[in-house]
Amino acid sequence: MQDAAGQGIMTGRLADRIVLITGAAGTIGRTVAAAIAQEGGIAIGSDLKGRGAELDLDVTQEDDWRRAVAELDRRHGRLDGLVNSAGIGMLGSVEETDFATWRHMMAVNVDGIFLGCKYAMPLLRRRGGSIVNLSSISGIVAGHNLAAYNASKGAVRLLSKSVALHGARLKPPVRCNSVHPSFVEGDMVDAMLRAVPDPAKAREKMTSDIPLRRFAKPEEVAALTVYLLSDESGFVTGAEFPIDGGLSAR
Ligand SMILES: NC(=O)c1ccc[n+]([C@@H]2O[C@H](COP(=O)([O-])OP(=O)(O)OC[C@H]3O[C@@H](n4cnc5c(N)ncnc54)[C@H](O)[C@@H]3O)[C@@H](O)[C@H]2O)c1
């Protein structure tokens, strides 16, 4: 929401909520962090060491998670939200993808979210909370050259539902939902396009596959994430949210 001068207006939907974000130096993570702050929340960004986030947290490392959660406990004594946005994307068919690439993709995209949900849960369950996992539309529909990415994002989709069912049994409950964007303007798509022989043609093809004929804006993904973190979505858990310009509708 903006006022007449084009300045953001804080509506306080996340007032005083403490939310940890992984991959917060990335396009979606930093946009989500800004949107949380805009809504009155306290966004604690984390990313790989050297990426300039508030906390150093390699999501594949169990000890990093233990350390980050202990730090949050020391600082705040609670956690109200977790946004698992750290992730990597790479193109490759099943034949082109080497095993090391497959293992690395699974480590970041799947182990990272498993560890996040596992280690943040003891803090989240103290007052109840909300987990938002960044999957992808590639976790719902496949592509011939996305073998490892499809597999990792499909795993996030169903892991999120299992976490939601566990969290629903807690008192107070911890909700968990997955968000499934198609291509989002930003670093990850730029890197993917740099890896193909004709980026302009690839961009045109990728856009033409989308009924709304454009990529998502990171702010659109952030707005959905804020909704899922807020009390407005209090009865929403175990659900998957495509944000894909209609891509998966046909
Ligand atoms: N950008 C898109 O088009 C798109 C589409 C669908 C889903 N997604 C998903 O959304 C999430 C965020 O994407 P993005 O566009 O912000 O990507 P991005 O590449 O801009 O940011 C990803 C961030 O994750 C961090 N990261 C990588 N490995 C890590 C690790 N081991 N530990 C901690 N941090 C690590 C990177 O340093 C980076 O800051 C990802 O999970 C991605 O798969 C992105």
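Me: What is the distance between the closest N and O atoms in the salt bridge of aspartate 63 with arginine 66?
Reply: In this predicted model, aspartate 63 and arginine 66 are three residues apart in helix H2, so about one helical turn separates them. Aspartate 63 is partly exposed at 48% relative accessible area, and arginine 66 is partly exposed at 42%. The closest N and O atoms of their salt bridge are apart by 2.7 Å.

Me: Is aspartate 64 buried or exposed?
Reply: Aspartate 64 forms a salt bridge with arginine 67, and both lie in helix H2. Arginine 67 has 54% relative accessibility and counts as exposed. Buried means under 20% relative accessible area. Aspartate 64 has a relative accessible area of 15%, so aspartate 64 is buried.

Me: How many residues apart are aspartate 231 and arginine 17?
Reply: Aspartate 231 forms a salt bridge with arginine 17, with 2.9 Å between the closest N and O atoms. Aspartate 231 sits in the loop between helix H7 (218–229) and strand E7 (240–243), while arginine 17 is in the segment before E1. This pair links distant parts of the chain, and the separation is 214 residues.

Me: Which element supplies the largest share of the largest nonpolar core?
Reply: The largest nonpolar core has 29 residues, and Leu124 is among those with the most contacts inside it. Elements that each supply at least two residues include strand E1 (18–22), helix H2 (62–76) and helix H3 (99–127). The largest share is nine residues, and the element supplying them is H3.

Definitions and conventions
Residues are numbered from 1 along each chain as its sequence is written. This is a predicted model: local features need pLDDT of at least 70, side-chain atom pairs count only at pLDDT 80 or more; totals for chains, interfaces and linings use all residues. Side-chain values use heavy atoms; hydrogens and water are left out. A nonpolar core is a set of buried Ala, Val, Leu, Ile, Met, Phe, Trp, Tyr and Cys residues joined through side-chain atoms within 4.5 Å. Buried means under 20% relative accessible area, exposed over 50%, partly exposed in between (1.4 Å probe, protein chains only). Helices (H or I, at least four residues) and strands (E, at least two) are DSSP runs, numbered from the N terminus. A salt bridge is a side-chain nitrogen of Lys or Arg within 4 Å of a carboxyl oxygen of Asp or Glu.
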